[in-house]
Amino acid sequence: MKIVIQIIKAFFVCLMSLISFIYPYKLSSKIKECKNYLYSFWIKRFLGCVGHGSRVSYPCILQGGGNKNIRIGHNTSIQGHVVLGCWTQYGDNQFFNPSIIIGSHCNIGEYNQITACNGITIGDGLLTGRFVYIGDNSHGGLTREEAPIPPVKRKLFSKGEIRIGNNVWIGDKVTILAGVTIGDNVIIGANSVVTHDLPNNCVAAGVPARVLKKL
Ligand SMILES: CC(C)(COP(=O)(O)OP(=O)(O)OC[C@H]1O[C@@H](n2cnc3c(N)ncnc32)[C@H](O)[C@@H]1OP(=O)(O)O)[C@@H](O)C(=O)NCCC(=O)NCCS
């Protein structure tokens, strides 16, 4: 029995090696590209507006029911595993009118999460690394009354809209919290948590993010 399993394993290894010549890596990449291209057309139908030349890679997780309030400009690329949450309803009795507006020529990295129950506006030319979180809401208003309620059952609460200017570069694993305005041409260092506004033309980093350098 053992010898049969070994023969099957050896056959499988030879088969895979043969297939790697017939079906080369470049072709598999092209097929993946085509799949993402087709996926963009599907996902675009769920969103409010997507400009020409914009791509949304597989999978894009849409949450919150407000897909039609999500608008994306031209030539913007949304990488895979991005979560876009536009919360028009939360639970049975909370209703919102949020919007997520992403400008043109932006590149949103893999595993980013953008979630709004209020409003998130992103200018043109944004570049984000991986695992960036941009969210204008929290579970509850951090009060003593809400503390004994399980977080998921607390009311969704927003301190304010998030605005991000043009040509901003956001490093890996940055968190941008509610009520924050980030100016034009800002660079935010990896792992930063942005809790306050950042002016135009600066490099900021840290927890909480502070201006390191004026440009
Ligand atoms: C923000 C960034 C561009 C700054 O790079 P830099 O020019 O090498 O920074 P500097 O050397 O001028 O740093 C100035 C100070 O800020 C600190 N600093 C730099 N980046 C920091 C960060 N992410 N968090 C905390 N402090 C940081 C440095 O330690 C230095 O402090 P010091 O003067 O006490 O030594 C870089 O740190 C960064 O985070 N890049 C993003 C990388 C990334 O995520 N890429 C993938 C996304 S596409």
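This briefing describes strand pairing, the nonpolar core, cysteines and aromatic contacts in one structure.

The model is predicted, so local features require pLDDT of at least 70 and side-chain atom pairs count only at pLDDT 80 or more, while totals for chains, interfaces and linings use all residues. Residues are numbered from 1 along each chain as its sequence is written, and side-chain values use heavy atoms, with hydrogens and water left out. The largest nonpolar core has 38 residues, and the count of disulfides comes to zero.

- Helices (H or I, at least four residues) and strands (E, at least two) are DSSP runs, numbered from the N terminus.
- Two strands are taken to pair if DSSP finds at least two bridges between them.
- Two bridges link β1 to strand β4 (residues 70-72) in the parallel sense.
- C49 has R71 in β4 as its bridge partner.

- β3 pairs with β6 in the parallel sense over four bridges, and the bridge partner of L62 in β6 is L84.
- β6 is also joined to β11 by four bridges, and these two strands run parallel; V83 has Q113 as its bridge partner in β11.
- Strand β14 (residues 133-135) and strand β19 (residues 175-176) run parallel and are joined by two bridges, with I134 facing its bridge partner I176 in β19.

**Burial of β6**

- Buried means under 20% relative accessible area, exposed means over 50%, and partly exposed lies in between (1.4 Å probe, protein chains only).
- Because five of the five residues of β6 are buried, this strand is largely enclosed by the rest of the structure.
- Both faces of β6 are covered: V82, L84 and C86 are buried on one side, and V83 and G85 are buried on the other.

**Nonpolar core**

- A nonpolar core is a set of buried Ala, Val, Leu, Ile, Met, Phe, Trp, Tyr and Cys residues joined through side-chain atoms within 4.5 Å.
- In soluble globular proteins, nonpolar side chains tend to be buried together.
- Within the largest core, of 38 residues, those with the most contacts are I164, I176 and I182.
- Elements that each supply at least two residues of this core include α2 (25-46), β6 (82-86), β9 (99-102), β11 (113-116), β12 (119-122), β17 (162-164) and β23 (202-205).
- β6 gives the most to this core, with three residues.
- Leaving aside residues up to four places away in sequence, I164 touches T121, I122, G123, L126, I134, I170, I176 and I182, where contact means heavy atoms within 4.5 Å.

**Cysteines**

- A disulfide is counted when a pair of cysteine sulfur atoms lies within 2.5 Å, and by this rule there are zero disulfides.
- The sulfur of C60 is too far for a bond, because the closest cysteine sulfur, in C86, is 12 Å away.
- The sulfur of C106 is likewise too far for a bond, because the closest cysteine sulfur, in C49, is 14 Å away.
- C60 counts as buried at 7% relative accessibility, and C106 counts as buried at 3%.

**Aromatic pairs and charges over rings**

- Rings of Phe, Tyr and Trp (its six-membered ring) pair if their centres lie within 6.5 Å; planes under 30 degrees apart count as stacked, over 60 as edge-to-face and the rest as tilted.
- The structure holds four aromatic pairs.
- One of them joins Y37 and F41, with ring centres 5.2 Å apart and planes at 85°, so the pair is edge-to-face.
- Y37 and F41 are four residues apart in helix α2 and are therefore separated by about one helical turn.
- Y37 is partly exposed, with a relative accessible area of 42%, and F41 is partly exposed, with 39%.
- W87 and Y90 form another edge-to-face pair, 5.7 Å centre to centre with 75° between the planes, and both residues are buried.
- A charge sits over a ring if NZ of Lys or CZ of Arg is within 6 Å of the ring centre and within 35 degrees of the ring normal.
- K35 lies over the face of Y58, at 4.4 Å from the ring centre, and K44 lies over the face of F41, at 5.1 Å from the ring centre.
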